[in-house]
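Hi there,

Here is the structure I promised to hand over.

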There are 2 protein chains.
Amino acid sequence: MKIAILGYGTVGRGVDSIASGVEGLEVARILDLPDRCEGPRMTSRYEDIVGDPAIEVVVECMGGLEPAHTFILAALEAGKAVVTSNKAVVAAYFEEFARAAEAHGTALLIEASVGGGIPWIASIQKARRIDDVTMFSGIMNGTTNYIIDAMAKSGADFAPTLARAQELGYAERDPSADIDGIDVRNKTIITASVAFDVACTQDVPVTGIRNITKADMELFARHGRVVKLLGHGLAHDGAYAVAVEPMALPAASLEANVPSNFNLVTLEGATVGKLKFYGQGAGSLPTGNAMVQDVLDFAEGRRPSYRFADDLASDPALLTGSYVLRTTAAPAGAEPYDEGAWLVNDITAEQASRIYQDSCATDPTTFMARLV
Amino acid sequence: MKIAILGYGTVGRGVDSIASGVEGLEVARILDLPDRCEGPRMTSRYEDIVGDPAIEVVVECMGGLEPAHTFILAALEAGKAVVTSNKAVVAAYFEEFARAAEAHGTALLIEASVGGGIPWIASIQKARRIDDVTMFSGIMNGTTNYIIDAMAKSGADFAPTLARAQELGYAERDPSADIDGIDVRNKTIITASVAFDVACTQDVPVTGIRNITKADMELFARHGRVVKLLGHGLAHDGAYAVAVEPMALPAASLEANVPSNFNLVTLEGATVGKLKFYGQGAGSLPTGNAMVQDVLDFAEGRRPSYRFADDLASDPALLTGSYVLRTTAAPAGAEPYDEGAWLVNDITAEQASRIYQDSCATDPTTFMARLV
């Protein structure tokens with residue numbers, strides 16, 4: 001089967017090196033910028049790929065919204081399957097892509113967009129053959145997990161740890177997509193869409209970990225807790241809710257013990273119970289592996305369908321809980337939690353997000369975490 | 001698709017209740033003892049099932065070697081697919097079953113034989129489409145994990161905790177298959193056969209947790225470690241080795257934090273890295289879920305093949321490590337580890353198993369764990 005790779009960066013090279021070792025797969029064309037094209041496989045003209053009837057699968061590793069959105073749509077409309085690791089473009093255009101794939105008798109495969117090498121999307125779809133998925137949650141961003149874990153192990157504060165992560169290539173030069181929770185937001189939208197069979201395009205309450213300090217981690221440690229950034233969602237009784245927020249988890253939970261840049265994602269179904277999946281959430285080879293697995297699934301005839309059929313209503317009240325804010329002025333209705341930190345009970349993730357933003361207006365260093 | 005269930009105990013009832021809710025599946029016949037047969041679906045005559053051409057899948061939930069072995073073989077020879085949760089019979093007759101399935105153009109599906117509801121066997125087979133699996137390890141027995149976890153949480157010693165597990169139905173009246181590691185041995189043989197593509201029928205070094213005491217757990221806790229019972233295996237350079245043994249793991253590892261009767265299994269491949277899977281390793285609904293997933297895979301055309309083709313040699317030296325023995329007399333070559341406990345470095349799992357048995361001859365209360 002002939003495939004084409006769009007973008008020859010870290011992930012594209014990973015796909016190329018893995019696919020080249022798999023019998024029956026041939027990386028026939030690679031799209032990159034004109035000044036980076038070397039050898040007969042590489043081209044800077046997308047028409048060479050989308051117009052080539054011999055190419056059956058387009059593997060999109062460019063990232064970003066455009067031209068990825070246009071290229072993916074054009075490939076699907078040409079009847080080619082699309083495999084993508086691009087969470088931003090899938091979160092933004094999931095329904096449009098899925099409908100185009102169905103209309104043109106081909107497939108959209110998105111395993112690598114969440115959880116890197118972890119077989120997460122396929123596992124959700126498999127679970128849904130028997131169970132409704134009623135809950136998901138997970139550490140879905142390796143960069144922020146690396147930062148928090150390194151702070152805990154080294155005793156260093158946020159800024160030098162972020163700088164170190166940038167040196168190591170774990171964090172981007174502009175880290176905001178990671179530390180402000182935007183990356184997890186995209187992965188949470190994709191997961192909710194697959195897990196709950198819903199067109200999850202609503203505004204998701206998102207709180208990041210930009211303001212976490214070593215002192216915050218020590219404060220929560222005194223209460224037997226470890227902070228991690230998670231995306232999560234619940235669905236029952238015709239309603240669903242999702243959010244992205246720092247959580248202060250029991251120190252003996254699996255999530256609290258996830259090291260370095262690993263991911264850990266959980267789903268729950270009525271008969272299977274809780275299933276958890278752990279692995280490399282990013283990186284050239286794990287992400288490349290997930291994309292080649294998608295290509296092989298397609299080659300074996302798998303055509304995942306995303307119907308967005310469940311008429312679930314968004315109901316923020318499903319995600320009600322208790323939140324701790326470390327901030328100078330006590331939020332309304334708060335009680336003392338620890339020195340300089342306040343506890344607000346029985347609020348939704350959406351309300352918590354607003355209280356956090358209000359507190360940041362007074363004290364821009366405010367940190368907030370949900371108690372789990 | 002019409003299926004038949006052999007054995008209507010905990011697992012058989014789970015399969016029945018789950019399959020009844022899945023469109024396209026019909027539990028047409030159920031085999032049980034004559035005095036337990038009620039209603040038109042139930043029969044005590046296996047001929048009613050194996051001789052009925054309308055039945056496409058036989059779901060074996062009887063457990064034990066006979067008549068399960070005979071019934072499975074007869075079903076495969078009649079061209080029916082077999083789904084089984086029976087680790088003892090698969091570990092003993094895996095190659096015979098797989099060859100019969102292939103010869104008669106049908107399938108043997110064994111997801112539920114290891115890890116209950118965890119998609120473990122399917123994940124290994126999926127990983128192997130791209131990577132050689134070079135390592136696996138896991139907490140594969142919920143009963144012993146429950147006992148160890150309950151001892152740690154309650155402060156009670158082994159005997160009363162085992163009695164409590166028996167009361168709750170987590171442990172059998174004869175607990176030896178669990179606490180002596182026989183159940184994990186069967187699951188380790190099955191996992192190695194699938195992961196390494198080898199006919200793993202050799203004698204596996206097996207050490208159980210029958211002799212663990214509260215004091216042993218406290219001793220390892222002073223060294224920052226938690227004891228769990230694991231099966232594990234390695235394969236590289238044309239050789240492989242497997243073993244079942246208590247391991248003293250870092251307290252911050254995921255394995256050390258697996259609660260109650262849950263399982264956690266790990267595989268490693270060159271490109272995907274380490275993947276870990278966590279879930280209910282037993283129970284009516286999780287095990288029933290895995291079996292119905294196998295039925296659905298078969299209905300969708302999946303025909304897993306087990307070739308036992310890799311000509312790997314058994315090489316115990318692959319599993320060399322350091323072991324701690326709590327016993328009265330110092331084993332040969334041991335150095336002191338802690339009060340009443342000895343450290344033996346650079347021995348294989350096989351040698352460790354022999355040293356443990358020798359020590360037990362002198363001190364029948366001896367406990368041993370591998371340092372990880």
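**Where the two chains meet**

Strand β11 (residues 273–280) of chain A runs antiparallel to β11(B), and three bridges join them. Strands pair if DSSP finds at least two bridges between them, and strands here are DSSP runs (E, at least two residues), while helices are H or I runs of at least four, both numbered from the N terminus. Within this pairing, K276(A) stands opposite Y278(B).

A note on the source: this is a predicted model, where local features need pLDDT of at least 70 and side-chain atom pairs count only at pLDDT 80 or more, while totals for chains, interfaces and linings use all residues. Residues are numbered from 1 along each chain as its sequence is written, with chains lettered from A and ligands numbered from 1 in the order in which they are written.

How do the copies relate? A rotation of 180° with 0.0 Å of shift along its axis superposes chain B on chain A, RMSD 0.0 Å (least squares on C-alpha atoms of residues with pLDDT of at least 70 in both). That is the relation of a two-fold axis. Of the residues of chain B, F277(B) comes closest to the rotation axis, at 2.4 Å (C-alpha). Both copies use the same surface, as 100% of the contact residues of chain B recur in chain A.

Happy exploring!

How values were computed
Two residues are in contact if their C-beta atoms, placed from the backbone, lie within 7 Å.
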